[in-house]
Structure formats: structure tokens, C-alpha cells
Amino acid sequence: MSNDRVYKLISLFVVGFLLLNFPIIRIFSRDGFLMGIPVLYFYVFLIWLILIILTFWLVNRSGKNS
């Protein structure tokens, strides 16, 4: 595994950790709904999906260059 890929994956982990940590989660912890889904659930699952897609993209893209 190249160092560039490792640094990108670690950076993605840190960003994901910060986005799913309590102070940010607290911002979305309200009584509203977005498309019929509570805002907190929508935020958590959207961030989770984006992190999975970015991880997949980084691993596959970096694998072709090695």
C-alpha cells in the first residue's frame, strides 16, 4: 500500500470521526424531519454513505496507479 493512499485513508477516517462526533451530531439533534426522516438519522446515514463511497473510490483509484 502506498504512503499516499495511507495518508488519504487516515485523513478520511479523521474527517469521518469528527463529523460523527457529539458536538456536530448535537447540531442535527432536533425535532425536524427531512423527506419524512428525522434530521439526525438523515445526517448520520448520509455521512456514513459518503464515507463508504469515498473509501471505495480512494482504494480503487489508488490501486490502479500502483
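**Exercise 1. Contacts along the chain**

Among contacts in the protein chain between residues at least 6 apart in sequence, what percentage join residues at least 24 apart?

*Solution.* The model is predicted. Of the contacts between residues at least 6 apart in sequence, 56% link residues at least 24 apart.

**Exercise 2. Elements and overall form**

State the order of helices and strands, then decide whether the protein chain is a compact globule or more spread out.

*Solution.* Step 1: the protein chain holds 3 helices and 2 strands. Step 2: along the sequence these follow the pattern α-α-β-β-α. Step 3: for 66 residues the globule rule gives 11 Å, whereas the radius of gyration is 15 Å, well over that value, so the chain is more spread out than a compact globule. Step 4: along the principal axes, the C-alpha atoms fill a box of roughly 45 × 25 × 10 Å.

**Exercise 3. A charged pair**

Identify the salt bridge in the structure and describe the setting of its two residues.

*Solution.* Step 2: the side chains of Asp4 and Lys8 form a salt bridge, with an N to O distance of 3.4 Å. Step 4: both residues lie in helix H1 (residues 3-19), and because they are 4 residues apart, about one helical turn separates them. Step 5: Asp4 has 46% relative accessibility and is therefore partly exposed; Lys8, at 28%, also counts as partly exposed.

Methods
Residues are numbered from 1 along each chain as its sequence is written. This is a predicted model: local features need pLDDT of at least 70, side-chain atom pairs count only at pLDDT 80 or more; totals for chains, interfaces and linings use all residues. Side-chain values use heavy atoms; hydrogens and water are left out. The radius of gyration is taken over C-alpha atoms; the globule rule is 2.2 Å times the number of residues to the power 0.38. Contact means heavy atoms within 4.5 Å. A salt bridge is a side-chain nitrogen of Lys or Arg within 4 Å of a carboxyl oxygen of Asp or Glu. Buried means under 20% relative accessible area, exposed over 50%, partly exposed in between (1.4 Å probe, protein chains only).
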